[in-house]
Amino acid sequence: MVTIRCNELNLGQICESGQCFRMSRIPGTDEKYEIIATDLRVTARQLADGMELDCDEDEYERFWRSYFDIECGTDYAAIIDSVDPSDEYLTRVAREGRGIRILRQDLWEMIVTFLISQQNNIPRIHKCIENICREYGRYMEADGGYYAFPVPEALAVLDEDDLMPCNLGYRSKYVVRAARAVADGTLDLGALRTMDHADARARLLEVYGIGNKVADCICLFALHHIESFPIDTHIRQVLEREYGSGYGDAFPFSRYHDHLGVIQQYMFYGELNISRR
């Protein structure tokens, strides 16, 4: 068991922030969450000033410390303090979402996840990911059993429509073609990890099925380019509502240029809170 002390960490907020789709609250509990990432699984318990993970120190240092962006250089408290106090909207959503962190997730997993996310809702994305993991992921016998995320080679051999039974619909061909590109080296994940934001985004946009929003999500949630600012329908609506139809000039992009992705997550989570009221 590993205990992490961190005030800017709220598992519930992270779970509902639209960035991870293999994290879920354990039924019958208010404070425990199961997280599966690549081929690992952990149970996390929320504490008043951090969290507790049911893994050993070696696994934490090897994987989960980076995954949760713990002591990796992102100062979330400073980002919240950077919000213009005269901007009532951003001040409120930053305060409400102060426990959100940008997870450092697996690049291949995020490519597939956000290809699937197009024209889709969060519950359906969860289900699609679970379906392809059960069908094509390796079964892990530890801790009662679970399925790892499928490796590119497992999907590269499929026909383009073979993932449709997993509820992917037209997105099936996007995922299969991406898997083929990774498997044959056309899409070099190692090279992507070394690129700056502009170059990584441009390379991702060359991949069949990846548009601006998907590329921005991959850059933010896998490559940790926290300057990336994904704009989906919901974020566009809130920008127009709060800053006007000409939000490109009214929203303070330049003020938050190096951490726009964190601001975007506060906005996304804030909209979820509004919808619950």
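**Ground rules.** I number residues from 1 along each chain as its sequence is written, and I use heavy atoms for side-chain values, leaving out hydrogens and water. Since the model is predicted, local features need pLDDT of at least 70 and side-chain atom pairs count only at pLDDT 80 or more, while totals for chains, interfaces and linings use all residues.

**Entry 1: Glu-52.** I looked up where Glu-52 sits and found it in strand S5, residues 50–53. Helices (H or I, at least four residues) and strands (E, at least two) are DSSP runs, numbered from the N terminus. Is Glu-52 buried or exposed? Glu-52 has a relative accessible area of 19%, so I list it as buried. The scale calls a residue buried under 20% relative accessible area, exposed over 50% and partly exposed in between, with a 1.4 Å probe and protein chains only. I then listed contacts, meaning heavy atoms within 4.5 Å. Leaving aside residues up to four places away in sequence, Glu-52 touches Met-1, Val-2, Thr-3, Thr-43, Ala-44, Arg-45 and Leu-47.

**Entry 2: aromatic pairs.** A pair of aromatic rings is described by the distance of the centres and the angle of the planes. Rings of Phe, Tyr and Trp (its six-membered ring) pair if their centres lie within 6.5 Å; planes under 30 degrees apart count as stacked, over 60 as edge-to-face and the rest as tilted. The count by this rule is 14 aromatic pairs. One of them joins Trp-64 and Tyr-67, edge-to-face, with 5.1 Å from centre to centre and 80 degrees between the planes. Trp-64 and Tyr-67 are about one helical turn apart because they stand three residues apart in helix H2, residues 57–67. Trp-64 is buried at a relative accessible area of 0%, and Tyr-67 is buried at 3%. Trp-64 also pairs with Phe-68: the ring centres are 6.3 Å apart and the planes stand at 40 degrees, so I noted this pair as tilted. Phe-68 is buried, its relative accessible area being 0%. Phe-63, Trp-64, Tyr-67 and Phe-68 make up one aromatic cluster.

**Entry 3: charges over rings.** The rule asks for NZ of Lys or CZ of Arg within 6 Å of the ring centre and within 35 degrees of the ring normal. Lys-173 lies over the face of Tyr-174, 5.2 Å from the ring centre. Arg-177 has its charged end over the ring of Tyr-208, at 3.9 Å from the centre.

**Entry 4: the cavity.** On a 1 Å grid over the protein atoms alone, a cavity is a set of points where a 1.4 Å probe fits but cannot get out, and a pocket is an open set with protein on both sides within 12 Å along at least five of seven lines; lining residues have an atom within 4 Å of a point. Points are joined across faces, edges and corners, and a volume is the space filled by probe spheres set on the points. I found one cavity of 30 Å³ or more. The largest cavity holds about 50 Å³. Residues lining the largest cavity include Cys-20, Tyr-67, Gln-105 and Glu-109. Helix H5 (residues 107–116) gives the largest share of this lining, three residues. The lining splits into six nonpolar, two polar and two charged residues. In this sorting Ala, Val, Leu, Ile, Met, Phe, Trp, Tyr, Cys and Pro count as nonpolar, Asp, Glu, Lys and Arg as charged, and the others, Gly among them, as polar.

**Entry 5: Gln-105.** I followed up Gln-105, which is in the loop between helix H4 (88–96) and H5. Gln-105 is buried at a relative accessible area of 7%. Its contacts, not counting residues up to four places away in sequence, are Gln-19, Cys-20, Tyr-67, Met-110, Phe-221 and Ala-222.

**Entry 6: the pocket.** The largest pocket has a volume of about 840 Å³. Which residues lie nearest its centre? Of the 36 lining residues, these are Lys-213, Asp-232, Thr-233, His-234 and Phe-268. Helices H6 (122–136), H11 (212–221), H12 (233–243) and H14 (260–276) are the elements that give two or more residues to the lining. I sorted the lining into 14 nonpolar, 15 polar and seven charged residues.

**Entry 7: positive phi.** Asp-69 is not a glycine, yet has a positive phi of about 55 degrees. Asp-69 lies in the loop between H2 and H3 and is buried at 0% relative accessible area.
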